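I opened a new structure today and kept notes as I went.

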Amino acid sequence: MLKLADNIRRLQKQVPSAHAVTAGKLVRGIGLTLEAVGCQLPVGSQCLVQTIDGQIEAEVVGFAEHITYLMPTEAVKGIVPGSRVQPLNREQGIGVGMDLLGRVVDGNGLPLDGLGPINIEKRVPLSAQPMNPLLRKPIEQPVDVGVRAINSMITVGSGQRMGLFAGSGVGKSVLLGMMTRGTSADVVVVGLVGERGREVKEFIQDILGEEDRKKAVVVASPADNSPLMRLKGCETAVTIAEYFRDQGLNVLLLIDSLTRYAMAQREIALAVGEPPATKGYPPSVFARLPALVERAGNGGPGQGSITAFYTVLTEGDDLQDPIADAARAILDGHIVLSRALADAGHYPAIDIEASISRVMPMVVSEEHLQKSRRIRQVYSRYQQNRDLITLGAYTKGSDPRIDLAIKAEPVINALLQQGMRQVIPYDESLASMIQLANGLGTE
Ligand SMILES: Nc1ncnc2c1ncn2[C@@H]1O[C@H](COP(=O)(O)OP(=O)(O)OP(=O)(O)O)[C@@H](O)[C@H]1O
Ligand SMILES: [Mg+2]
C-alpha cells in the first residue's frame, strides 16, 4: 500500500504542471507560420527559434492539440526542421515614461530615431484592462484641432473617437499633420501602421517638423514589418496614449491606418487557420477593432482624455468595405475626404455633407449648432442643384433660395479650405463661421 502511494507521488513529479513553460522544436514552417511540438507556451508569449546562424524572435499565436503555432516578428531565414524553440524570458509589455515625448519608436516601443535610449518609468502590458464605462467622464468639452472646417462644422469633443475615411492620396497624412501641429491637446501620439516606409520619414520631417515633434510621440511600424509588428505598432501607440492619459494629460491619438491594422490581423488569423467570413476577413478582426477603439475616450476621475482619429481606407472610394462599415458602427463620427474635392484642389478635401460628429450637439452652444446647420443647408442646396447651375439650365431669380446658395457657395468653400501650413484656432474658426452664417439669414 505504502509502495503504491510512493509510486503515485513519483509519477506526479514527472508530469509537468499545467502551467510549466517548456521548450520544443519546429516541425513545419509554411507561409507566415511556424509549427512546433513539445513546447508548452502560453498564447501571446515570446520565444526564440534557433536558426543555422543565430536566432529569430517569434510569438505564440495559437495551438491545436499538441501543435503550437508561432509567428516570427522578424524576417524568417535559416530555420530548419527540428530547430529548437525556447521560451524568451524577457520582461513583457512596453516601457513608458515622459521621456517618450519627441521620440520615434517601433512596435516594441524601442527608439528608431538614433537619439539614444529612452528613460522609462515602468513597463506596461500591451492589452489594458477595459475600463468600466460608468467610470468614464462624459464628453463635454470641444477639442481644438487647428482645422477650421472641423472646428466649426464637425466639432470634435475631448474623448471622442472619429474615423477619417478616404481613398489613397486625398490628403489623410497632411490632415493628420495639421491636427498634430494645431491641436490644443497636451500630447499627440501618432501611430503609423502598415504605411510605406518613405511616408514615415516624410511625416516626421516634412509634415511635423522639429518644433511640433516635441509634444508628439510617433510609433512607426511600416508595411515591411511582419503582420505581428504592425498589429503591435497600433497597440503600442494606444498603450502610450493611455500612459499619458493616466498622468492627467489630454492626448490626441492619430492612427494611420485602422484598415492596415485589420489587414494585419487578417493575415495572422488566416495563417493559423481561422476561417474567413466577411470579404476574406475572419471573425477575430471584427472582435479586435472595437476592443482597440474602446481603449480611447475620456478617463476616470483624475485622469485626462484620449481623443482619437483613425484613418480608414476606402479603396476604390468604396464606403461599403467591411472594415469601413465596422468602423462606422463603433466610432463616434466620421470625416469623409472626397476625391472629387481633392482633384479640384479643394484642401482639406472634407466632404461636409457626408461627415458627421455624433457628439457635436453635446459639446457646442445652441448658437454654434444652429449656425453650422444653416451653412450645411445652403451648401447642400447648391450641391443638389449643381448640375442645373453649371449647365446654365437654372434661370437666376426663379428661386431665391437657390440664388442665395449660388452667391454663398464661394464664401462657404473659402471657409472650408485651409493651407497645409496654416493653423486656425477654435475661437477664430467659430467666429468666421458665425459671421458667414449671419450673412445667410434664415429661411
Ligand atoms: N491642405 C492641403 N493643402 C494643399 N495641398 C494639400 C493639402 N492636403 C493635401 N494636399 C496635397 O495632397 C497630396 C496627398 O496628400 P497625403 O499624402 O496627405 O495623402 P494620403 O491620403 O495620406 O495619401 P496615401 O494614401 O498615399 O497615404 C499632398 O502631397 C499635397 O500635395
Ligand atoms: Mg498617407
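Entry one, the pocket. I am working with a predicted model. I looked up the second largest pocket and found 24 lining residues. Gly169, Ser173, Arg196, Glu199 and Glu202 lie nearest its centre. I noted a volume of about 420 Å³ for this pocket.

Next I asked which helices supply at least two residues each of the lining. I found α3 (172-182) and α4 (197-213). The most comes from α4, which gives seven residues to the lining. I then sorted the lining by class and got 10 charged, nine nonpolar and five polar residues.

Entry two, the rings. I describe a pair of aromatic rings by the distance of the centres and the angle of the planes. How many aromatic pairs are there? I count two.

One pair is Tyr243 with Phe244. I read 5.2 Å centre to centre and 70° between the planes, an edge-to-face pair. I checked burial next. Tyr243 has 4% relative accessibility, so I call Tyr243 buried. Phe244 is buried too, with a relative accessible area of 0%.

Tyr281 and Phe286 also form a pair. Their ring centres are 6.2 Å apart. Their planes stand at 75°, over the 60 degrees required, so this pair is edge-to-face. Is Tyr281 buried or exposed? Tyr281 is buried, at 4% relative accessibility. Phe286 is partly exposed, because its relative accessible area is 24%.

Notes
Residues numbered from 1 in each chain as written. Chains lettered and ligands numbered in written order. Predicted model: local features only at pLDDT ≥ 70, side-chain atom pairs only at ≥ 80, totals over all residues. Heavy atoms only, no water. 1 Å grid on protein atoms, 1.4 Å probe; cavity = no way out; pocket = protein on both sides within 12 Å on 5 of 7 lines; lining within 4 Å. Points joined across faces, edges and corners; volume = space filled by probe spheres on them. Helix = DSSP H or I, 4+ residues; strand = E, 2+ residues; numbered from the N terminus. Nonpolar A, V, L, I, M, F, W, Y, C, P; charged D, E, K, R; others polar. Phe/Tyr/Trp six-rings, centres within 6.5 Å; stacked < 30°, edge-to-face > 60°. Buried < 20%, exposed > 50% of the residue type's maximum accessible area, 1.4 Å probe, protein only.
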